[in-house]
There are 2 protein chains.
Amino acid sequence: MEIRTNYAADNYTIHVDHGILESRLANYSAGYDAVHFLVDHNVYELYKSSVLSFIDSPIILEGGEASKSFDAFKRITEALLERGVQRHHLIVVVGGGAVGDAGGFAAATVLRGVDYIQVPTTLLAHDSSIGGKTAINSTHGKNLIGVFYRPKAVIYDLAFLETLPDDEMLSGFGEVFKHALLNNEETVRNLMAKTQEQISLDVLKPFIIRGIETKMHYVLNDEKESGIRKHLNLGHTLGHAIEYKYKMPHGIAVVLGLYFMMFLSNRVEGRELFDLDHFKQYFIHHGYPIQKLKSIDEEEMMALMGRDKKNQSRGAIGFVLMKSIGRCHFTEIENTELKKYLSYLKESL
Amino acid sequence: MEIRTNYAADNYTIHVDHGILESRLANYSAGYDAVHFLVDHNVYELYKSSVLSFIDSPIILEGGEASKSFDAFKRITEALLERGVQRHHLIVVVGGGAVGDAGGFAAATVLRGVDYIQVPTTLLAHDSSIGGKTAINSTHGKNLIGVFYRPKAVIYDLAFLETLPDDEMLSGFGEVFKHALLNNEETVRNLMAKTQEQISLDVLKPFIIRGIETKMHYVLNDEKESGIRKHLNLGHTLGHAIEYKYKMPHGIAVVLGLYFMMFLSNRVEGRELFDLDHFKQYFIHHGYPIQKLKSIDEEEMMALMGRDKKNQSRGAIGFVLMKSIGRCHFTEIENTELKKYLSYLKESL
């Protein structure tokens with residue numbers, strides 16, 4: 001299955017299917033003088049004698065957030081230059097969201113930009129590999145250094161998803177769930193019904209593809225995040241703060257953030273828009289640590305949220321909230337108000 | 001005097017005049033919530049009680065290439081984040097070419113891009129602040145990491161040029177001379193006549209403005225360096241290698257590179273297009289170390305030139321040469337040929 005972007009220019013294709021990596025990649029790499037692979041350490045160990053056996057001496061990146069430090073950025077770009085990367089070469093980035101962000105940033109900046117292809121290997125990366133965002137982390141927060149730089153293609157080979165560890169599955173499912181919320185009530189009901197007992201890959205595939213389409217819809221007309229793309233930030237304002245503070249996998253922290261979004265939407269709307277108990281039990285059943293929200297420090301969370309680059313005004317923090325499932329709006333909540341809501345949240349758990 | 005760029009979108013103005021910094025800047029900063037200054041250490045020491053007295057607690061950058069290391073990149077972006085930089089803020093970069101490159105790269109990448117204004121303070125920076133190139137250095141060569149990112153304006157206050165140390169003046173003059181070569185024979189004759197004895201600022205001003213216009217002409221239709229913009233690289237292929245090897249100021253190394261370009265153009269054309277003795281004496285009179293070319297190591301220079309990101313093919317190195325003054329062409333010279341030419345050059349000195 002293929003999804004084609006629809007920008008004014010520089011469009012690319014997102015290929016989603018089982019066992020497609022080597023063949024699809026061959027089509028692209030034929031057009032370049034040389035191909036350099038940046039591959040997540042853990043992914044390479046798992047797949048070097050199977051899916052990735054066709055790759056010759058890749059540059060290995062530490063997995064996870066370690067690949068998004070300034071030092072790692074230096075190592076990656078220097079390694080590419082050491083191998084003689086040139087402007088008419090292709091860089092292929094194979095890994096989870098963090099490796100995709102870091103590899104994309106290296107591709108965007110080495111020689112002021114070399115073409116690259118994203119090969120996401122986690123459930124979460126179905127989200128982060130779409131939209132042309134690249135980034136590394138600052139000591140002040142995640143993803144604070146980066147550029148917008150579109151890949152030449154995304155090749156999403158679902159074969160990689162079959163060996164995902166539990167917490168990566170949970171983390172990726174967080175974004176799948178967010179995309180369902182952005183769609184409509186039926187999609188959420190459907191997703192929860194099909195994953196009532198357990199989250200299995202077979203059941204997820206249509207939701208993954210739907211999630212990619214949902215994300216594309218938001219990204220296409222708002223690449224630089226001035227308007228509706230902000231809605232993709234649903235659950236992320238508190239989510240990022242929690243992720244940063246507790247070093248929790250991204251999508252797991254996002255689920256905690258989504259829970260707070262539901263809590264806050266109910267308060268702001270003044271009605272029971274979300275059945276909080278229902279969602280809480282569902283999340284806890286699947287292993288999301290909702291109870292962690294009971295022990296957050298309000299001031300600390302607010303300081304971290306205030307640093308987020310999407311928060312532009314002082315004395316208030318912006319949240320994406322819902323009027324109903326599928327209908328978002330961006331609201332700034334004054335600091336004194338927000339502190340109260342965070343306290344209420346803690347009491348409610 | 002003002003020069004306006006002429007891109008399809010995202011145009012900006014280059015203001016060139018005496019004593020204009022504070023007033024011009026005020027017009028721009030009025031449109032932003034906050035302004036952050038990145039200022040070259042040496043420039044700030046010289047001007048903090050005069051031209052720059054209106055600036056409150058700037059972020060100070062080490063001058064020169066030290067500001068273009070990975071570590072400096074980290075320090076600059078972290079300092080901006082520490083001060084709470086946000087997307088609707090303005091960054092003003094005050095300094096020579098190196099600080100402009102490094103500050104521009106920080107502005108381009110912090111929060112995935114914050115608006116910035118270049119305030120060049122050296123003669124050389126009249127060149128590097130035009131064209132939207134930002135960069136830091138790799139251990140593999142200069143400017144190998146960066147992005148294309150246009151400023152919102154360039155404010156070129158000539159007041160900064162009056163206290164330039166000799167070698168910065170010589171370095172800047174190298175690019176002024178290059179721009180004259182790109183123009184036509186008359187401009188070169190004129191420039192050499194007016195600077196026969198010494199290079200004085202009063203005489204240079206029209207050539208600076210002419211140089212900016214020349215550079216704009218090349219950059220406007222070829223921002224990403226696929227075609228004629230390469231001509232701006234005149235003298236830079238060997239120049240960069242010499243600069244890197246001997247840690248020589250950029251424009252001084254470029255003059256050595258220009259001398260080799262003249263030598264090579266004569267050889268390739270098979271005629272005395274450039275009167276080498278005439279140029280050699282002129283350059284030496286002004287203090288350019290042309291004799292340094294006698295002691296270069298051919299293999300080492302070729303290895304360094306081969307790393308240049310503008311050199312795309314193996315076994316040959318690309319040079320911008322001239323058919324006559326004002327008429328450039330790009331030629332690849334095979335490695336064995338090139339080595340001979342470099343030896344001939346050494347013998348000729």
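Predicted model: local features only at pLDDT ≥ 70, side-chain atom pairs only at ≥ 80, totals over all residues.
Local features here need pLDDT of at least 70 and side-chain atom pairs count only at pLDDT 80 or more, while totals for chains, interfaces and linings use all residues. Residues are numbered from 1 along each chain as its sequence is written, chains are lettered from A and ligands numbered from 1 in the order in which they are written, and side-chain values use heavy atoms, with hydrogens and water left out.

**View 1. An open sheet of seven strands in chain A.** Follow the strands in the order 1-2-9-6-5-3-4, with mixed pairing. Strands (E, at least two residues) and helices (H or I, at least four) are DSSP runs numbered from the N terminus, and two strands pair if DSSP finds at least two bridges between them. Strand 1 (2-4) and strand 4 (59-61) of chain A are the edges, each pairing on one side only. From one strand to the next, the twist averages 15°.

View 2. Helix 1 (residues 21-29) of chain A lies across strands 1, 2 (13-17), 3, 5 (90-95), 6 (115-120) and 9 (153-157) of chain A, at about 165° to strand 9. Helix 4 (residues 97-109) of chain A packs on the sheet too, touching strands 3, 4, 5 and 6 of chain A and making about 165° with strand 5. Contact means heavy atoms within 4.5 Å; axes are lines fitted to C-alpha atoms, for helices over the stretch in contact, and angles run from 0 to 180 degrees between N-to-C directions.

**View 3. The hairpin of strands 10 and 11 in chain A.** Strand 10 (residues 316-324) and strand 11 (residues 327-334) of chain A pair in the antiparallel sense over eight bridges, and A:Ile317 stands opposite A:Ile333. Two residues lie between the strands, and A:Gly326 takes a positive phi near 95°.

**View 4. Helix 6 (residues 166-183) of chain A.** Of its 18 residues, 14 are buried, so helix 6 of chain A is largely enclosed by the rest of the structure. A:Glu168 is found in helix 6 of chain A and is partly exposed, with a relative accessible area of 33%. A:Glu168 and A:Pro249 are 81 residues apart in sequence, yet 7.4 Å apart in space, C-alpha to C-alpha.

Key: Buried < 20%, exposed > 50% of the residue type's maximum accessible area, 1.4 Å probe, protein only.
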